[in-house]
Amino acid sequence: MSIVDRVSVGDARVGELPQPVTEALRDMSPFLLALVPFSLAIGAASAAAGFSFAEAMFPVFAIFAGSAQLAGVESTRTGNGILITVLIVLLVNARFAFYGAGLARWFVGVPRWKSLLLAIPLVDQTFLLCQERFSEQADVDWRVRYYGTVTAGLVLCFATCQLIGFQFGGNLPPTLGLHLAAPLAFAGMLAKSTKERSALITACVSGCVVVVASGFFGALALPVAVVAGIVVGSKPIATTNLDIERTS
Amino acid sequence: MIIFATFALAGIGTYAIRIAPILLGDHLLSSSSIESRIGLIAPAVLAAIVSSALLIGPHGARLPGIVELVVVGSAFAIVRHTGNVGLALAIGFPMYWIGALLGLT
């Protein structure tokens, strides 16, 4: 198969674009590297919480969201009930509503049932990768294949590493620093997502508020901080929009 | 069984969150202010998670370990400079291991 696909928009050929599978594999490699220790840590945390093998692996496919799963495992371990744990998971995953909005925009023209299937594994990594890549690729088929490849790679890595972490995590020495996997991976993603001033302000506010709010809101501190960060960070955007409207 | 029920409910809720904009797409996507805020969700969540991991312990806010702070801060700076997310872990873990070998952790 050729390394490039000929892509067209309507009837007009707009050029040759790299094959989506190749591009996806290349783009997601740093994310996979980041996902390995993070997934190992989640698997180890599940084992430490006393989960059986089936209980540890079930959330991988039920929610497919690492940070929410980790939050859910921690909540269960500390004795929170079903409702509190579910609420925590949903609040951590509330951002997926915005990712879903992005997905709806990426796959305009795709049958609704297909969009609903594509939404199942939508996570931070797929959103960040696709948001950047799809700004330069208009062909929907190309996008679906790229998205599918990224998703397959993430699921495979996520599940396999959690399995390994569950089986062997308890035997790894703490000096390996697996507990740092999540903050390191997220710090890297954060550095990439704060190129604009408003994003940097949002991150600073959110990062500070979560610490202060943890004393008052407990597990709900994270969503409170996220909302506070967005409200403060979006002010420059709102001001800019207002200025544009006044000018026009 | 309780764990299965918990994560099954969480999974259903999470999927509902993911597909809500697809089912209600026209209403959500027509708002430019919401679209502007989409880009702010990721940094807000990521910053909150990083901050929580470093600065919040089982009993509330805590001072972070100096090695952890330096490692995560360096990872942030390196990725910001290079744009390569994979370097956060590729450099962060060896830095932590060196700190552990020196007895700083």
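The contact between the two chains takes 76 residues from chain A and 65 residues from chain B. Please keep in mind that this is a predicted model. On the chain A side, the largest share comes from helix 9, residues 181-193, with 12 residues. Sorted by class, the side of chain A that touches chain B has 48 nonpolar, 23 polar and 5 charged residues.

Let me take one piece of that contact. Which helix of chain A packs with helix 1 of chain B, and at what angle? It is helix 4 of chain A, residues 82-92, and the angle to helix 1 of chain B, residues 2-23, is about 35 degrees. The two axes are 9 Å apart, and the crossing is right-handed. From helix 4 of chain A, the residues that meet the other helix are A:Ile82, A:Thr85, A:Val86, A:Val89 and A:Leu90. Their partners in helix 1 of chain B include B:Ile2, B:Leu9, B:Gly13 and B:Ile17. By class, this helix pair brings 9 nonpolar and 4 polar residues to the contact, and no charged ones.

Now the core. The largest nonpolar core has 102 residues. Which of them touch the most other members? They are A:Ala185, A:Ala187, A:Leu190, B:Val50 and B:Ala88. As a general point, nonpolar side chains tend to be buried together in soluble globular proteins.

Take B:Ala88 from that list. If we leave aside neighbours within four places in sequence, B:Ala88 is in contact with A:Ala34, A:Leu184, A:Ala185, A:Ala187 and A:Gly188 in chain A. Within chain B, its contacts on the same terms are B:Ala75 and B:Val79.

Next, chain B by itself. Chain B has 5 helices and 2 strands. The chain has 105 residues, and 40% of them count as buried. Of the contacts in chain B with a separation of 6 or more, 24% are between residues 24 or more positions apart.

Last, confidence. For the complex, the predictor gives an ipTM of 0.83 and a pTM of 0.68. Chain B has a mean pLDDT of 85, with 89% of its residues at 70 or more. Where in chain B is the lowest mean pLDDT among the elements, and where the highest? The lowest, 59, belongs to helix 2 of chain B, residues 25-29. The highest, 93, belongs to helix 4 of chain B, residues 66-82. Where pLDDT is low, the predicted coordinates should not be read in detail.

Terms used: Residues are numbered from 1 along each chain as its sequence is written. Chains are lettered from A and ligands numbered from 1 in the order in which they are written. This is a predicted model: local features need pLDDT of at least 70, side-chain atom pairs count only at pLDDT 80 or more; totals for chains, interfaces and linings use all residues. Helices (H or I, at least four residues) and strands (E, at least two) are DSSP runs, numbered from the N terminus. A residue is buried if 20 or more other C-beta atoms lie within 10 Å of its own, exposed if 12 or fewer, and partly exposed in between; C-beta atoms are placed from the backbone. Two residues are in contact if their C-beta atoms, placed from the backbone, lie within 7 Å. Axes are lines fitted to C-alpha atoms, for helices over the stretch in contact, and angles run from 0 to 180 degrees between N-to-C directions. A crossing is left-handed if the near helix is turned anticlockwise from the far one by less than a right angle, and right-handed if clockwise. Ala, Val, Leu, Ile, Met, Phe, Trp, Tyr, Cys and Pro count as nonpolar, Asp, Glu, Lys and Arg as charged, and the others, Gly among them, as polar. pLDDT is the predictor's confidence in each residue, from 0 to 100. A nonpolar core is a set of buried Ala, Val, Leu, Ile, Met, Phe, Trp, Tyr and Cys residues joined through C-beta atoms within 7 Å.
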